Amino acid sequence: MKKELISRVEGHGSIGLKIKGSRVESVELDILTPPRLFEKLIVGRHFNDVPTIVSRICSICSASHRVISVMAIEDAFGVKVPREAVLLRELLLHAETLESHGLHLFLLALPDYYGYGSFVDMARDLPDAASLGFKVKGIGNRMQECVGGRAIHQITPVVGGMSAGPSSEGLKRIQQEAAPLIDEVLRFLSKEIPTLQYTPLVGVSNWVSLAGRDYGYTGGDILVNGKEKVPVRDFYQKFHESALPPSYTKHTLYGEEPFMVGALPRILNSGSKLKGSAGALLKRLGIMKSRSTYMNNMAQGVEILFSLERVVEIIGDLLDIDLPEGQDGGITAEFSPVAATGTAAIEAPRGMLIHTYTFDEKGYVTGGDITTPTAMNLSDMERTLMIMAEALIKDTTDIKPALETLVRAYDPCISCSVHIVRL
Amino acid sequence: MTKAKEKPRLGLYSLTSCSGDILEITNLEEDLLKLLDLVEVVDLNVAMPATGMSPDIALVEGAVTQAGEAGFLRGLRKKVKYLVAIGTCACTGGVVARGPKKRKGWLRDVYPETGEGFISGFPRPVSDVVPVDFSIPGCPIEKGYLMHCLGYLLRGVVPEVPNYPLCMECKMKGNECLLRYRGLPCLGPVTRAGCGARQPSVGRPCDGCFGAYEDANREALTEIFRQIGLGEDEIKKRFDLFWERG
């Protein structure tokens, strides 16, 4: 089978299948976005330049990359970040999740559910779905602009805290917009969305996310299958990268097994902590019981509600504090660089993301490692693609749309696959 | 409104990049609908399958690292009226165009199984491969700057863009000068205006992603950097973050 580009994913990827008669011999998911060698580009750089460089790994997840690189550096230098700065960073991560999930769920994935080729076709018949996608994505963008200084490649998160505070006017506008959007999203996602005909075929086998005290995108240990806890600094002992024949693609495995990261694993691990409309929608959708891989899309819907509700809450807290604004609003802790290694993990929209850096005593990078969610999901995508292809090949001639839909359900961000390719 | 078949055709293409410039185009939101009234988008791999129609105007993001990308550009050049490089990677190679001599070793380290066999060249700007009619810099591009330029290009005119330093925009915003009063190594004095002084406005020195304007005086700024205490290596690293290839 000829390898063809997959549309409606960020970056370039292709699925390759080897088929003999009605037997699928192998499945290979190629990441075609060429290597950019970020882990090497940062070597010899001052710690202040690292977040600026690594946020360029991915435009959709630039806030996650920026914030987690800052946090990994703070872990190395032992910096204690002021509470206001922590809240502002959390706000920025919710903004990114809204932008990313809004785009993926409503504009890239829902056309699969309703049977359209793209959101442009879908918008003709179902203008509500597309316009809600733009609304959720839009509020995420405006928040990133307000808090981060720019919608893509944010500026304000710096080692020690934040370089500037957002305008209180901007925060108020976002709060006023977010509140009614909660009802609108809840109403839309509560009504019948057609299920995909091949839904029961593939399910989650291992699921991994960070799980702190609350449902959130930072903090806590790594939780595997709802039971085994792995401290973040032990990630490299429990999770391995290896090249599995016949694919040359580098895979991250838990022990020897594929695993999934992203919205669905977060819900499976921590969904019971969700309250409010996010909790209500979660119950209604029955995600915890189904465990279908496709439920990742609906899990993103639940997280859109969670993030919107948290945004209203955080802005409420921030408006009570008299934050300085703009150029004068820096909120940073004092610190000095030390020769050390720091590791930090975060839940980016697509799943767990880990950055590790080692510095010399002047704060220049001597080594780094970045493991992205798409690299972690790759093995699991190939596992489920194999199951799907084997089940469909017997009585379907054109299995390409089904396989593309499955890849899209994972929301792979293929340009962020920094080091997973073996061509 | 003109009929669909009479609209100029726009193609959006992504080479080696983070896809941030095309994402910024999707972030146009309401302006995107206005743009779609004026043009027909014939290619945009992120959101729709390709239509197979040739565009009149091609916007290309990303750096060239692959032989296939260079071949694609040569083919594209023959089809289009305007080929426009968008974003710093397409304009100069961008943040990833570093360490030309170290690259082979890096490939061996990061991809030990394939190493140099992994065909990936030093990131080059689009203009290294084919003539470019116009460049829209920025990491990422600015929506206003893009719409301004498209306005000109759709009328068949080469756009006029700011040919003065970022400092002008900073002054107009009433910002405090980070270079003069905080001793921060800001590249504003040598960098083309157009982003509204985003970084200095939130307390961070400009990293120069728009590149140099025509009369930029690099020597003078280098001297100021020495005066605020930067070593020669630090000065070099300031300039090669975005401003030039390192």
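Me: Which residues in helix 3 of chain A meet helix 4 of chain A, and which residues do they meet there?

Reply: In this predicted model, S62(A), A63(A), S64(A), V67(A), V70(A), M71(A) and E74(A) of helix 3 meet R89(A), L92(A), L93(A) and E96(A) of helix 4. The residues of this contact divide into six nonpolar, two polar and three charged.

Me: Why is helix 3 of chain A called roughly antiparallel to helix 4 of chain A?

Reply: The axes of helix 3 (residues 62–77) and helix 4 (residues 83–114) of chain A cross at roughly 150° and come within 9 Å. Angles over 145 degrees count as roughly antiparallel, so helix 3 of chain A is roughly antiparallel to helix 4 of chain A. The crossing is left-handed.

Me: What makes R198(B) and E145(A) a salt bridge?

Reply: Their side chains meet at 2.9 Å, N to O, and the cut-off is 4 Å. R198(B) lies in helix 9 of chain B and E145(A) in helix 6 of chain A, so the pair joins two chains.

Me: Where do D380(A) and R383(A) lie, and is D380(A) buried or exposed?

Reply: Both lie in helix 13 (residues 373–393) of chain A, three residues apart, and form a salt bridge with the closest N and O atoms 2.7 Å apart. D380(A) has a relative accessible area of 0% and is therefore buried, while R383(A), with 22%, is partly exposed.

Notes. Residues are numbered from 1 along each chain as its sequence is written. Chains are lettered from A and ligands numbered from 1 in the order in which they are written. This is a predicted model: local features need pLDDT of at least 70, side-chain atom pairs count only at pLDDT 80 or more; totals for chains, interfaces and linings use all residues. Side-chain values use heavy atoms; hydrogens and water are left out. Axes are lines fitted to C-alpha atoms, for helices over the stretch in contact, and angles run from 0 to 180 degrees between N-to-C directions. Helices (H or I, at least four residues) and strands (E, at least two) are DSSP runs, numbered from the N terminus. Angles under 35 degrees count as roughly parallel, over 145 as roughly antiparallel, 65 to 115 as roughly perpendicular and the rest as oblique. A crossing is left-handed if the near helix is turned anticlockwise from the far one by less than a right angle, and right-handed if clockwise. Contact means heavy atoms within 4.5 Å. Ala, Val, Leu, Ile, Met, Phe, Trp, Tyr, Cys and Pro count as nonpolar, Asp, Glu, Lys and Arg as charged, and the others, Gly among them, as polar. Buried means under 20% relative accessible area, exposed over 50%, partly exposed in between (1.4 Å probe, protein chains only).
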